[in-house]
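The following note sets out points for a colleague who is reading this entry alongside its coordinates. Please consult the sequence and the structure while going through them.

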Amino acid sequence: MNRILFLMLILAFSNCNKQDNTQKETSKRAESDKVISNPIEKPLELTLKQANSLADLPLTCLQIEYPNKLNQTLGSKENLGEPKELHPTFYGCFDWHSSVHGHWSLVRLLRAFPDLEKREEAITKLRQNITKENIAVEVSYFAEKHNKSFERTYGWAWLLKLAEELHHWEDPVARELEENLEPLTAVIVQKYLEFLPKLTYPIRVGEHTNTAFGLSFAWDYASSLEHQGLKNSITSKAKEFYQNDKDCPLGWEPSGYDFLSPCFEEVDLMRRVLSNKEFDLWITDFMPQLKAKDFSVEVGKVSDRTDGKLVHLDGLNFSRAWVLYGLAKQYDGYEHLFAVANTHIKHSLPNLVGDSYEGGHWLGSFAIYTLDTNTK
């Protein structure tokens, strides 16, 4: 009797342990499912309210001549001139390239938001600046022997981005502006075609001359307007420069004045020019950490927003974000990068409100390109 009772107690204890273990396993699975089922963050999108606010930045500076950084090479005293005399279209916003992407900003916002509050003012300023007569002067500047490499390739890239945006904007105003801009667009396309075969090594920096950035925007133009010669040239040079790259040292970034990430800009270019299979093999060698669900990178921090170089780091946050957005939108398995991008945007976007001229004359364009995910 005692033996039977003892056996019954052992069985009961065993069943209790089994039930307890089952409950623990169920609880673990539930916790695991909870982690897996956490919603992936979505990319932030530009709102009409933000668009109205960001439009004020280029509207404020497109026709402001000073302060101005000309970046020209003087062949003689005859080359001296007021900014508006030298560049009657792109004389505002402190420097030529910032003026170009300021014009792009307005075109992009007008195209995306037909109800933009200052629509008429924006159109008026675009039509005042992008005239046939003004563009003829811009073309002649690039023909001057001492300035044939002017704005290579950052300003070139933004000029083609402006031309591409005008091409896609279905509005009579866009047709007028696109036609007026065309002679300068043709000059820049030809400059790419002449320069790329001569470029033996890529420029891997975090500022204007970064080769990968210059090729990415030019590739977009070539793809959109079906310029196969330019597209082929860019694809060939991108593969020559970057296809064998491995283990990009992201830990070395950022440098103190970066507004582009050398590692990320390379990703942005190669996702465009490589096939799906080629890109997967390439990214596995180049930046395999991007595939990790817990990937993170610290935002760039600006210590003095009145310093025109230090404020570049806000631009870095935006450009990193647009690269991550572009990658996650194009390829499955990278959706976790939306959260990393969003963190970068949220850090820098509030800085644009009431910003000093050092950032205000150009950072709005970076914010617009990043937030308006239809641009990529």
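The numbered points below take up the overall fold, helix packing, aromatic contacts and backbone geometry.

1. Overall composition. The model is predicted, and the comments should be read accordingly. The chain contains 16 helices and zero strands. Of its 376 residues, 50% are buried. Where contacts link residues at least 6 apart in sequence, 75% of them join residues at least 24 apart.

2. Packing of α2 against α4. The axes of these helices lie 9 Å apart, at an angle of about 150 degrees. Angles over 145 degrees count as roughly antiparallel, and α2 is therefore roughly antiparallel to α4. Their crossing is left-handed. On the α2 side the contact is made by Ala 51, Leu 54, Ala 55, Pro 58 and Leu 59, and on the α4 side by Gly 102, Ser 105, Leu 106 and Leu 109.

3. Packing of α4 against α5. Helix α4 (residues 96-112) also packs with helix α5 (residues 119-129), here at an angle of about 135 degrees and with the axes 10 Å apart. The two helices are therefore oblique to each other. The crossing of α4 past α5 is left-handed. His 103, Leu 106, Val 107 and Leu 110 of α4 make this contact with Arg 119, Ala 122, Ile 123, Leu 126 and Asn 129 of α5.

4. Packing of α9 against α11. The axes of helix α9 (residues 211-224) and α11 come within 8 Å and cross at roughly 35 degrees. Here too α9 passes α11 in a left-handed crossing. From α9, the residues involved are Ala 212, Phe 213, Leu 215, Ser 216, Trp 219 and Asp 220; they meet Glu 265, Glu 266, Asp 268, Leu 269, Arg 272 and Val 273 in α11.

5. Glu 266. Leaving aside residues up to four places away in sequence, Glu 266 touches Arg 204, Ala 212, Tyr 242, Asp 245, Trp 282 and Phe 286. Ala 212, one of these, belongs to the α9 side of the contact described in point 4.

6. Aromatic pairs. The count of aromatic pairs comes to 29. One of them joins Phe 279 and Trp 282, with 5.8 Å between ring centres and 35 degrees between the planes, and is classed as tilted. Both residues belong to helix α12 (residues 276-286), and because they are three residues apart they are separated by about one helical turn. Phe 279 is buried, at 1% relative accessible area, and Trp 282 is buried as well, at 3%. Trp 282 is also one of the residues touched by Glu 266.

7. One aromatic cluster is formed by Trp 104, Tyr 154, Trp 158, Phe 213, Phe 217, Phe 259, Trp 322, Trp 362, Phe 366 and Tyr 369. Phe 213, a member of this cluster, takes part in the contact between α9 and α11. What sits over the ring of Phe 217? The charged end of Lys 161 does, 4.5 Å from the ring centre.

8. Cis peptide bonds. Most peptide bonds are trans, and most residues other than glycine have a negative phi; this point and the next concern departures from those patterns. The bond from Arg 152 to Thr 153 is cis, with omega near -10 degrees. Thr 153 is in the loop between α6 (132-143) and α7 (154-168). A cis bond likewise joins Glu 253 and Pro 254, with omega about -5 degrees, and Pro 254 is in the loop between α10 (228-242) and α11 (262-273).

9. Positive phi values. Asn 71 is not a glycine, yet its phi is positive, about 60 degrees. Asn 71 lies in the loop between α2 (48-61) and α3 (83-86) and is partly exposed, with a relative accessible area of 42%. Cys 93 also has a positive phi of about 60 degrees without being a glycine. Cys 93 lies in the loop between α3 and α4, but is buried, with a relative accessible area of 0%.

Technical notes:
Residues are numbered from 1 along each chain as its sequence is written. This is a predicted model: local features need pLDDT of at least 70, side-chain atom pairs count only at pLDDT 80 or more; totals for chains, interfaces and linings use all residues. Side-chain values use heavy atoms; hydrogens and water are left out. Rings of Phe, Tyr and Trp (its six-membered ring) pair if their centres lie within 6.5 Å; planes under 30 degrees apart count as stacked, over 60 as edge-to-face and the rest as tilted. Helices (H or I, at least four residues) and strands (E, at least two) are DSSP runs, numbered from the N terminus. Buried means under 20% relative accessible area, exposed over 50%, partly exposed in between (1.4 Å probe, protein chains only). A charge sits over a ring if NZ of Lys or CZ of Arg is within 6 Å of the ring centre and within 35 degrees of the ring normal. Axes are lines fitted to C-alpha atoms, for helices over the stretch in contact, and angles run from 0 to 180 degrees between N-to-C directions. Angles under 35 degrees count as roughly parallel, over 145 as roughly antiparallel, 65 to 115 as roughly perpendicular and the rest as oblique. A crossing is left-handed if the near helix is turned anticlockwise from the far one by less than a right angle, and right-handed if clockwise. Contact means heavy atoms within 4.5 Å.
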